[in-house]
Amino acid sequence: MQEEIDSLHKNHTYELVKLPKAKKALKNKWVYRIKQEEHTPHPRYKARLVVKGFSQKKGVDFDEIFSPVVKMTSIIVILGLAVRLNLEVEQMDVKTAFLHGDLEEEIYVE
């Protein structure tokens with residue numbers, strides 16, 4: 001949990017403010033998972049803070065739903081370039097990828 005809290009704080013994900021009148025704060029919860037890697041004897045314990053966005057109403061709390069994802073054509077181009085240029089392809093996991101999305105709405109979370 002502390003790693004997740006540190007990551008959110010380090011990336012300036014949130015700002016502590018008083019809830020304005022006529023605004024509703026969304027609730028959140030911690031989601032825990034045990035991840036067992038193939039070549040490691042000990043499991044990794046992961047924690048994520050998630051907002052219960054299902055309580056939002058379209059047109060009131062948000063206008064559209066958008067989740068940035070990679071297009072399959074982009075993957076094909078990258079793999080094609082790697083083959084053509086005899087490059088190695090490695091995997092990378094970005095823990096805070098959601099921080100790169102742009103929000104126009106203000107979201108308040110308890």
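Arg48 forms a salt bridge with Glu4, with 2.7 Å between the closest N and O atoms; a salt bridge is defined here as a side-chain nitrogen of Lys or Arg within 4 Å of a carboxyl oxygen of Asp or Glu. Since Arg48 belongs to strand β2 (residues 44-51) and Glu4 to helix α1 (residues 2-10), the pair ties together parts that are 44 residues apart in sequence. Helices (H or I, at least four residues) and strands (E, at least two) are DSSP runs numbered from the N terminus.

The model is predicted, so that local features require pLDDT of at least 70 and side-chain atom pairs are counted only at pLDDT 80 or more, whereas totals for chains, interfaces and linings use all residues. Residues are numbered from 1 along each chain as its sequence is written, and side-chain values use heavy atoms, with hydrogens and water left out. The chain has a mean pLDDT (the predictor's confidence in each residue, from 0 to 100) of 80, and 74% of its residues reach 70 or more. Confidence is lowest in α1, with a mean of 82, and highest in α2, at 90.

The secondary structure comprises two helices and two strands, arranged along the sequence in the pattern α-β-β-α. Of the 110 residues of the chain, 9% are classed as buried. The chain exposes about 10,700 Å², of which carbon and sulfur atoms supply 57%; accessible areas come from the Shrake-Rupley method with a 1.4 Å probe, and for residues only the protein chains shown count as cover. Among contacts (heavy atoms within 4.5 Å) between residues at least 6 apart in sequence, 57% join residues at least 24 apart.

Glu4, the partner of Arg48, is buried, with a relative accessible area of 11%. When neighbours within four places in sequence are left aside, Glu4 is in contact with Trp30, Ala47, Arg48 and Leu49.

A search of the whole structure identifies three salt bridges. Glu110 is exposed, at a relative accessible area of 58%, whereas Lys27 is partly exposed at 46%. A further salt bridge joins Glu37 and Arg44, with 3.8 Å between the closest N and O atoms. Both members of this pair are partly exposed, Glu37 at 30% relative accessibility and Arg44 at 39%.

The segment after α2 also contains Ile107, which is partly exposed at 43% relative accessibility. Ile107 and Lys23 are 84 residues apart in sequence, and their C-alpha atoms are 9.0 Å apart in space.

Helix α2 comprises residues 72-84 and includes Ile76. At 1.5 Å a residue, the 13 residues of α2 should span 18 Å, and the end C-alpha atoms are 18 Å apart, in agreement with that value; the expected span is 1.5 Å times one less than the number of residues. Ile76 is exposed, with a relative accessible area of 55%. Together with Val70, Met72, Ile75, Leu79 and Val89, Ile76 forms a nonpolar surface patch with about 570 Å² of accessible area. Patches consist of residues with over 30% relative accessible area and no salt bridge, like charges being joined within 9 Å and nonpolar side chains (Val, Leu, Ile, Met, Phe, Trp, Tyr) within 5 Å.

Backbone torsions were also examined. Most residues other than glycine have a negative phi. Asn86, which lies in the segment after α2, has a positive phi near 55°. Its relative accessible area of 72% places Asn86 in the exposed class. Ala22, likewise not a glycine, has a positive phi of about 70°. Ala22 is situated in the loop between α1 and β1 and is exposed, with a relative accessible area of 85%.

Terms used
Buried < 20%, exposed > 50% of the residue type's maximum accessible area, 1.4 Å probe, protein only.
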